Amino acid sequence: MIICEDISSKGSGFVVGPRGHVVTNNHVVAQQRIEDGAITVTYSDQIIVVINGQRHPARVVVDQSDFRPIVYDYAVLLPDELPAEASHALRLGNPDSVRQGDEVLCLGYPLDFTDVVATNGIISAVTVGPSHVNALHNLRSIVSNALIQFGSSGGPMIHVPSGTVIGINTHKYQLHDLLSQRLMTAYSHPGAVGFPLLRDLIEYSVKYTYIGLNHAVSIEYIHGDPLFEQILGELA
Amino acid sequence: MSVTMKGNYIFVQPGQKAFKVSSNYANYVEIGARGATPYYLEGKVDNDEFIINATLLDDRGRPVCEVKDNFPTKTGGEHQLTTDGYRIVSPSGEPLLGIQVNKGICVLQGRLYDGVGQVVAESTEDDFLVRHGPVILGRSGKSLGIVLN
């Protein structure tokens, strides 16, 4: 579990490499604001990595002047002390080798759970589309029906057939946002309230209520980071 | 005599990803010539993603920044990430290059200079105008669209 009290953020992560580096989402350890269209990112100064109840202060070791970690929503942390659990580093897989229908396991600390929670599912799709942070850059997401919740961000998506990490659990399908947007539009245009509003409610209720989709950022962006290549080299 | 061409779709169809340059839509734009001019800007669509490579100079013709595959490197000025692209500003505060993607259209902004500080291309209120060549708008294999030397 990763806690950043100064930015009121909580998330998940996983250990990689022999020195106990921890991978998580950038949005877990950084506060993003938009001012005059520009994204400003402030990294937390109080990052705590909690492993088996032990609190390890950690710092961000990604290049903070680089856009990549922001665009692809990943961060690499280094705890001040080497956790004993660092020997339990997860292996990174090859996202190109995954197939639709493969089983996946998502690990993390959703909601107020203090013990790791595992959910499973299958790869529902592999999508390529504009990054949720920056529309210029495309992002490959591994979409699964394994449930995630607030706090799951940054946890690993494990490809069961290979036992390797193929993605970083990043966000769930924002159904409620879409529904809210449609309802707000309907309310702000009185002429539109009525049948379209009812239709929207029925459509979203019936079609999507039981669909939970998790977007995990493909691990390939981690592979492309020079710092991470160094970490993996040490692992080898 | 100058000729203005507007609203053309060059090697791209309406609805496909395109760069908007001088009121035309193209699948490719090259301003300057790599290795032949000290400045350079290339925009292409690769795997359904806009890719920008550039070497940007300031108004005295001095190198300020390089952009490689959408990511600024060797930046002398300031670069800002936006929700739909990014902006690069020279050390003196002048916007050199802005990239803005909206509904599949990539709009260029800012002001590009050549090696002697002359303006090569610049954004106006609602367009990005190319002042002088070499420029290529649109490319399909070995076929070139509009070429300005």
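**A tour from strand to strand across two chains**

Begin by selecting Ile39(A), which stands opposite Leu81(B) in β9(B). Keep in mind throughout that this is a predicted model. Now widen the selection to the strands β6(A) and β9(B), which run antiparallel and are joined by two bridges.

Next, stay on chain B and select residues 78-82, which make up strand β9, together with residues 85-89, which make up strand β10; these two strands of chain B run antiparallel, and five bridges join them. Within this pair, look for His79(B), whose bridge partner in β10(B) is Ile88(B).

With these strands in view, select the whole sheet, which is open, has mixed pairing and consists of nine strands in the order β5(A)-β6(A)-β9(B)-β10(B)-β11(B)-β12(B)-β2(B)-β3(B)-β1(B). At its edges stand β5 (30-35) of chain A and β1 (9-10) of chain B, and because each has a single partner strand, one side of each is left without a neighbour in the sheet.

Then turn to the contact between the chains, which takes twelve residues from chain A and 13 residues from chain B. On the side of chain A that touches chain B, β6 (38-43) and α2 (68-71) each supply at least two residues, and the residues of that side divide into seven nonpolar, four polar and one charged.

Finally, show chain B by itself, where you will find 17 strands and zero helices. Its C-alpha atoms fill a box of roughly 40 × 40 × 30 Å along the principal axes, and 38% of its 149 residues count as buried. The radius of gyration of chain B is 14 Å, which agrees with the value near 15 Å that a compact globule of 149 residues would have.

How values were computed
Residues are numbered from 1 along each chain as its sequence is written. Chains are lettered from A and ligands numbered from 1 in the order in which they are written. This is a predicted model: local features need pLDDT of at least 70, side-chain atom pairs count only at pLDDT 80 or more; totals for chains, interfaces and linings use all residues. Helices (H or I, at least four residues) and strands (E, at least two) are DSSP runs, numbered from the N terminus. The radius of gyration is taken over C-alpha atoms; the globule rule is 2.2 Å times the number of residues to the power 0.38. A residue is buried if 20 or more other C-beta atoms lie within 10 Å of its own, exposed if 12 or fewer, and partly exposed in between; C-beta atoms are placed from the backbone. Two strands pair if DSSP finds at least two bridges between them. Two residues are in contact if their C-beta atoms, placed from the backbone, lie within 7 Å. Ala, Val, Leu, Ile, Met, Phe, Trp, Tyr, Cys and Pro count as nonpolar, Asp, Glu, Lys and Arg as charged, and the others, Gly among them, as polar.
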